[in-house]
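Let us take this model apart by question and answer.

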Amino acid sequence: DKFDGMSLGDTVFVNPNANEGTWLVKHEFGHVKQSRYLGWLYLPLIFVPSYVWNKFISFVDGLNIMEDWRLTYVYHQFYTEWWANWLIT
């Protein structure tokens, strides 16, 4: 199970060895914006679903049934991730 990044409120945690680098940091700041918009609702509406989605994608990745690029694409279609990406563009 790999860890690349996570945001909770205004705090961003990023693995310095993550391949995504600067893009990942920007993406996590998209989650920071979500937190600022939603306040305490961020936890049940974004953080928990995003965490569960990440764990599910990690499980699917471990099955080796999908190419990495396709799995990444599917991951970012989930509403929590799509919205974070939209907020940084």
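Q: Which way do helix 1 and helix 2 run to each other, roughly parallel or roughly antiparallel?
A: In this predicted model, helix 1 (residues 22-38) packs on helix 2 (residues 42-63) at about 155 degrees, with the axes 9 Å apart. Axes are lines fitted to C-alpha atoms, for helices over the stretch in contact, and angles run from 0 to 180 degrees between N-to-C directions. Angles under 35 degrees count as roughly parallel, 65 to 115 as roughly perpendicular, over 145 as roughly antiparallel, and the rest as oblique. Helix 1 and helix 2 are therefore roughly antiparallel.

Q: Which residues of helix 2 make the contact with helix 1?
A: Contact means heavy atoms within 4.5 Å. Helix 1 brings His 31, Gln 34, Ser 35 and Leu 38. From helix 2 come Tyr 42, Ile 46 and Ser 50.

Q: How many charged residues has the contact of helix 1 with helix 2?
A: Ala, Val, Leu, Ile, Met, Phe, Trp, Tyr, Cys and Pro count as nonpolar, Asp, Glu, Lys and Arg as charged, and the others, Gly among them, as polar. The contact of helix 1 with helix 2 has three nonpolar and four polar residues. The number of charged residues there is none.

Q: What pLDDT do local features need?
A: Residues are numbered from 1 along each chain as its sequence is written, and side-chain values use heavy atoms, leaving out hydrogens and water. Totals for chains, interfaces and linings use all residues, side-chain atom pairs count only at pLDDT 80 or more, and local features need a pLDDT of at least 70.

Q: What is the pattern of elements along the sequence?
A: The protein holds four helices and two strands. Helices (H or I, at least four residues) and strands (E, at least two) are DSSP runs, numbered from the N terminus. Read along the sequence, the pattern is β-β-α-α-α-α.

Q: What is the radius of gyration of the protein?
A: The radius of gyration is taken over C-alpha atoms, and the globule rule is 2.2 Å times the number of residues to the power 0.38. That rule gives 12 Å for 89 residues, so the protein, close to this value, is as compact as a globular protein of that length. Its radius of gyration is 13 Å.

Q: How do helix 1 and helix 4 (residues 79-87) lie to each other, roughly parallel or roughly perpendicular?
A: Their axes are 8 Å apart, at an angle of about 100 degrees. Helix 1 and helix 4 are therefore roughly perpendicular.

Q: Which residues of helix 4 touch helix 1?
A: On helix 1, the contact is made by Trp 23, His 27, Gly 30, His 31, Lys 33, Gln 34, Tyr 37 and Leu 38. By class, this contact has six nonpolar, six polar and two charged residues. The partners on helix 4 are Thr 80, Glu 81, Trp 83, Ala 84, Asn 85 and Leu 87.

Q: Is Leu 87 buried or exposed?
A: Leu 87 lies in helix 4 and touches Gly 30, Lys 33, Gln 34 and Tyr 37, not counting residues up to four places away in sequence. Buried means under 20% relative accessible area, exposed over 50%, and partly exposed in between (1.4 Å probe, protein chains only). At a relative accessible area of 10%, Leu 87 is buried.

Q: Which residues of helix 4 make the contact with helix 2?
A: The axes of helix 2 and helix 4 come within 8 Å and cross at roughly 115 degrees. Helix 2 contributes Leu 45, Ile 46, Pro 49, Ser 50 and Trp 53. Helix 4 contributes Tyr 79, Thr 80, Glu 81 and Trp 83.

Q: Which residues does Glu 28 contact, leaving aside its neighbours within four places in sequence?
A: Glu 28 sits in helix 1. It counts as buried, at 4% relative accessibility. Its contacts are Gly 5, Met 6, Ser 7, Val 12 and Val 14.

Q: What is the phi of Asn 64?
A: Most residues other than glycine have a negative phi. Asn 64 lies in the loop between helix 2 and helix 3 (68-75) and counts as exposed, at 66% relative accessibility. It is not a glycine, yet its phi is positive, at about 55 degrees.

Q: How far apart are the C-alpha atoms of Pro 16 and Trp 40?
A: Pro 16 lies in the loop between strand 2 (11-14) and helix 1. It is exposed, with a relative accessible area of 77%. Pro 16 and Trp 40 are 24 residues apart along the chain, and their C-alpha atoms are separated by 28 Å.
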